[in-house]
Amino acid sequence: MPKLKTHKGTKKVLNVRSGGSIKIGHPGTRHNTGKKNAASNRNGRSASALNKSDYKRLKNII
């Protein structure tokens, strides 16, 4: 069976940690942040871990 290629858009957004969990940023923080309020920009700075159900869905393309 041929190998699947890595999805480049997903690769730019996700970061695999050494323990195996996947770090992902909050949505809406990449651009156009000048028109968003300061509280939403602050909350978007902290990263979160990818959910286990999302990991099962995305494991073939990362």
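1. Two terms come up from the start: two strands pair if DSSP finds at least two bridges between them. Helices (H or I, at least four residues) and strands (E, at least two) are DSSP runs, numbered from the N terminus. With that in hand, β1 and strand β2 (residues 22-24) pair in the antiparallel sense over three bridges.

2. Some ground rules before going on. This is a predicted model, where local features need pLDDT of at least 70 and side-chain atom pairs count only at pLDDT 80 or more, while totals for chains, interfaces and linings use all residues. Residues are numbered from 1 along each chain as its sequence is written, and side-chain values use heavy atoms, with hydrogens and water left out.

3. The sheet is open, with three strands in the order β1-β2-β3 and antiparallel pairing. Because β1 (14-16) and β3 (48-49) stand at the edges, each with a single partner strand, one side of each is left without a neighbour in the sheet. As background, strands of a sheet pair through backbone hydrogen bonds, either parallel or antiparallel.

4. Val-16 is worth a look. This residue is found in strand β1, and its bridge partner in β2 is Ile-22. Val-16 is exposed, with a relative accessible area of 53% (buried means under 20%, exposed over 50%, partly exposed in between, with a 1.4 Å probe and protein chains only).

5. Tyr-55 lies in helix α3 and is partly exposed, at 36% relative accessible area.

6. Arg-57 forms a salt bridge with Asp-54, the closest N and O atoms being 3.2 Å apart (the rule asks for a side-chain nitrogen of Lys or Arg within 4 Å of a carboxyl oxygen of Asp or Glu). By this rule the count comes to one salt bridge. Because the two residues are three apart in helix α3 (residues 52-58), Arg-57 and Asp-54 are separated by about one helical turn. Arg-57 is exposed at 57% relative accessibility, whereas Asp-54 is partly exposed at 26%.

7. Now the loop between β2 and α2, where Asn-32 is found. Asn-32 has a positive phi of about 60° although it is not a glycine. Most residues other than glycine have a negative phi. Asn-32 is partly exposed, with a relative accessible area of 47%. Pro-27 lies in the loop between β2 and α2 as well and is exposed at 75%.

8. Finally, helix α2 (residues 38-45) includes Arg-45, which is exposed at 66% relative accessibility. Arg-45 and Lys-35 are ten residues apart in sequence, with 16 Å between their C-alpha atoms.
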